[in-house]
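Trainee: I have a new structure to look at. Could you help me read its strands?

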Amino acid sequence: MSHSFKKSLQKEILHRSSIAAFVTSLLLLILLFGFSYFLQKQQLSKDTRQIVKQVQEMKEANSELLTTMNHKMIPGFLDGKHTEREVFSLFYETKAKLKLSSDLIILSDTGELLFSTNRNHQESILSPYYLKLLIQNPSQEKVTEKIALSSDKQHYTLFIKPLLQNQRVKAYTIAFVNENDFISSFPMINSKYIITDSFGNMFSNNTNQFTRSTLEKLDEKLLHSRTHWYANEPLIVQKEKVGAIFSIYTFQSFFPIPSLLGLASVLTLCIFFLYFWQARRIAHKIATHNAVPIESLVYQLQEIPKQAEKRLSLQTGDEFEFMAEKINNMLYELDQLHQKMLTIEKEKWIFERKMLEAQFNPHFLYNTLETIKITSLMDAALTQDLIQNLTRILRYSITDLEKETTICQDLKIIEDYLIIHKIRFEHFSYDIVCPETVDNQPIPKLFLLPLVENAIKYGMQYRIDLHIDIQITLEEDSLTFLVKDNAGGLTKQERLAILDSLESPHTQHGIVNSYKRLSNFFSDVQLDLGVNRQGETWVKFITKGLTHV
C-alpha cells in the first residue's frame, strides 16, 4: 500500500504540474503578444494625437488669417483704398504671428485673379478653370476646406472664405498650404500616416502604401479595420476625423509574425521542460513521505489558539513526532516569555508614570522659593502667608504622589500657587472656571501645574499685566482642560517641536509630561496649542471618557 500511495501521489503531482506548465507557457505567449501590441498601440495613439493637433492648428491658424485679412484689409483693397503693398504687409505680419507657411490669393466673384502672394499659383499650381470650380459652392460665412493636386503633383490644402457685401459675395480669399510646408513643421513620429479628404484625395503622407492611380488617391477599402494584412505584413491601423473633410490614417507594422512565433515557441518549450523537470523532482520527494503526519500536524497547529492547553499530540515514531515535541517545548517557552513581558510592561508603565510625575517638582519648588525670597524682604506677615501656602502645596505634592486626586482638590492647590504669584506681581491676575459637576472627577495629581508654570515663566517676558485663565468644561463624554494667557509668546516652531516630541521617551518639556500623564490615565487624550488672533497663548487637553485607564 505504501508503494502504491507513493506512485499514485507522484503521478498526480506530475499530471497537474504538466497542466500548470502548459497553461503558464500559453499565458506567457499571450502576454508577450499582448504586451507587444499594447506598446505599439500606445505609440500609434501618441503619433495620431500629434498629427491631429497639427492639422487642427493648421485649420485654426488659416481660418484666423482669412478672417483678419477680410476684416482689416481686403474690402479696402477692392475699393482702391489700400495698395498691394499694404496687403502684403498685413499678410506677412499676420502670417508671422500665426507661424504659418501659407500663401494667399484673392479672386473676384467670377473667379478672376485679383491678387496673389505667389504668382506661380496662377500658372503652375491650379488653373483658373479649377479655381472657378472650387468657389462654386462655398459656405456663405464659414471657411471652406478643400484638398487639391497641382499639375506638378504637389498636394495643397485650400481654405476658401467669401467676402460678403450687402448680402452678396464680392470676392474670395484663399489660403494655400503646401504639403512640404506642412511636413516641415511636423514633429518627429514613428508611425506611417496619410491625411486625406472625404473623397480620398491625399494632402500629406509619408508612405505610398494604399494609394491607387496617378491621382494619388487613397484606397479606403483597404483600411476599414483596426488591423490589416499588407503584403504578408500585419499592420495596426487607427483613423481619426478632424473637422468636416480631413481624415487621418496612422498605422504601424506589427512585429514580424514568423520571428515572433519562433521566439515565443522556443521560450515556451524551455519553460515547459524546466517546469516539468522540476515537478518530477518535487513529486518524488513529496511522494516518498507519508502525508498524514503533515496534515495532522497542520490541523493541530490551527486548533491550538482555540484550546486552553497549548500542546500537540502526534505519535508516529518518526521525525514528525520529534518535531511535535520540539514545538510543544517552544510553545511552553513562548507562553512563559509572554507572561514575563506582561509583567515587565506593567512595571515599565508604573515606573514611567512615577518619573513623569516627579519631573516638574524641582521647577515648582525653585519658583516658589524664589517668590518667598523676594516677599520676605518686603513684608513679614505676607511672607508668613506665602510660607503657609507653600506648606500646603508641598504637603499635597509629595504625599502619595503616585495616587490620583480630584479636580476640586487639585484646583485649590493650583490657586494657592497663583495667589503667591499675584502677591509677587502687582499687575498679575487669573481666573479659574470649573463646573461643580466635575469636582469629584479623578485626575493625575498636579498635571496642570507645569502648564501654569510655563505660562508665568514665559508670559512675564512679554508683559507685566499677565492674565491666566484656567477653564475646565464638560461636553457629553469629553472633558476639556484649557490654560490660556494673554502673552502670546508661543512661536510656530516651538508649537511644532512640542507636537513632534509627544511620543519621545526622553523629553523633559512640561506640556509633554502632562500629556503623557493624562495618556496613562485616560483612554483617549488629544493635545492642541497655539496663539489666537487676540494674541493669547493657549494649551488644551481633551479627554474622551470619564473613567481612567
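This is a predicted model: local features need pLDDT of at least 70, side-chain atom pairs count only at pLDDT 80 or more; totals for chains, interfaces and linings use all residues.

Trainee: How many residues of strand β1 are buried?

Mentor: Buried means under 20% relative accessible area, exposed over 50%, and partly exposed in between (1.4 Å probe, protein chains only). Strands (E, at least two residues) are DSSP runs, numbered from the N terminus. Six of the six residues of β1 (residues 103–108) are buried, so the strand is largely enclosed by the rest of the structure. D103, I105 and L107 point one way, while L104, I106 and S108 point the other way.

Trainee: Which strands are joined to β1 by bridges?

Mentor: Two strands pair if DSSP finds at least two bridges between them. β1 runs antiparallel to β5 (residues 168–178), with six bridges, and L104 stands opposite A175 there. Three bridges join β1 to β2 (residues 113–116), also antiparallel; I105 has S116 as its bridge partner. In this hairpin four residues lie between the strands, and G111 takes a positive phi near 95°.

Trainee: What about strand β6?

Mentor: Four of the five residues of β6 (residues 192–196) are buried. Five bridges pair β6 with β12 (residues 246–253) in the antiparallel sense, where Y193 stands opposite T250. β6 also forms a hairpin with β7, with five residues between them, and G200 in the turn has a positive phi of about 85°.

Technical notes:
Residues are numbered from 1 along each chain as its sequence is written. Side-chain values use heavy atoms; hydrogens and water are left out.
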